[in-house]
Amino acid sequence: MIYFLGILIGALNGFFTSGAGQILVFYLVFIKKYETHMSRVLSIAVLSVSSIISLFFHIDFSNIDYIKIIIVIAIGLIFGFIGTKLMKKIQANVLNLISGILVAGLSLYKFIEVLVK
């Protein structure tokens with residue numbers, strides 16, 4: 001099962017660059033019964049490596065605005081650090097609820113976006 005999950009997570013991250021972390025966290029929390037905070041840490045570790053590998057296959061060196069990339073990376077690092085500190089203080093059930101609301105909201109947004117086009 002873990003090998004299939006690894007294939008699924010890598011493929012989702014490579015194809016869509018989204019959603020793979022939520023699937024991994026869901027699997028670790030609800031199927032493997034890992035603690036929520038540890039599941040999120042593992043998800044970040046796995047997806048960091050997967051994202052870096054995907055970057056090298058998706059990158060188009062002719063259309064990159066390096067200044068914007070550096071700014072976004074810096075902002076992501078700063079708020080990733082802040083988010084990690086805050087995550088430690090939030091109860092697991094609240095963290096799962098927030099995550100579920102965000103995923104449901106984004107799904108609804110994309111669904112409506114597809115209908116409107």
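**Values and labels**

Q: How much accessible surface does the chain have, and what share belongs to carbon and sulfur atoms?
A: The accessible surface comes to about 9,100 Å², and 77% of that belongs to carbon and sulfur atoms. Such areas come from the Shrake-Rupley method with a 1.4 Å probe, and for residues only the protein chains shown count as cover.

Q: What kind of model is this, and which rules apply to the values?
A: This is a predicted model, in which local features need pLDDT of at least 70, side-chain atom pairs count only at pLDDT 80 or more, and totals for chains, interfaces and linings use all residues. Residues are numbered from 1 along each chain as its sequence is written, and side-chain values use heavy atoms, with hydrogens and water left out.

Q: What is the confidence of the chain, and where is it lowest and highest?
A: pLDDT is the predictor's confidence in each residue, from 0 to 100. The chain averages 81, and 91% of the residues score at least 70. Confidence is lowest in helix H1 (residues 2-16), with a mean of 71, and highest in helix H4 (residues 66-87), at 86. Where pLDDT is low, the predicted coordinates should not be read in detail.

Q: What makes the pattern of the chain α-α-α-α-α?
A: Helices are DSSP runs of H or I with at least four residues, strands are runs of E with at least two, and both are numbered from the N terminus. The chain has five helices and zero strands, and reading along the sequence gives α-α-α-α-α.

Q: Why is Ser-39 called buried?
A: Buried means under 20% relative accessible area, exposed means over 50%, and partly exposed is in between (1.4 Å probe, protein chains only). Ser-39 has a relative accessible area of 0%, so Ser-39 is buried. Of the 117 residues of the chain, 20% count as buried.

Q: Which residues are in contact with Ser-39, leaving aside its neighbours within four places in sequence?
A: Contact means heavy atoms within 4.5 Å. Ser-39, in helix H3 (residues 36-58), is in contact with Val-25, Leu-28, Val-29 and Tyr-34.

Q: Why does Leu-106 count as exposed?
A: Leu-106 has 56% relative accessibility, so Leu-106 counts as exposed. The residue is in helix H5 (residues 92-116).

Q: Why does Val-41 count as partly exposed?
A: The relative accessibility of Val-41 is 44%, so this residue counts as partly exposed. Val-41 is in helix H3. Val-41 and Thr-84 are 43 residues apart in sequence and 9.1 Å apart in space, C-alpha to C-alpha.

Q: What is the phi of Lys-33?
A: Lys-33 has a positive phi of about 60° although it is not a glycine. Lys-33 is in the loop between H2 and H3, and at 62% relative accessibility Lys-33 counts as exposed.

Q: How many aromatic pairs does a search of the whole structure find?
A: The search finds one aromatic pair. The rings of Phe-26 and Phe-30 have their centres 5.1 Å apart and their planes at 45°, so the pair is tilted. Rings of Phe, Tyr and Trp (its six-membered ring) pair if their centres lie within 6.5 Å; planes under 30 degrees apart count as stacked, over 60 as edge-to-face and the rest as tilted. Both residues lie in helix H2 (residues 20-31), four residues apart, about one turn of the helix.
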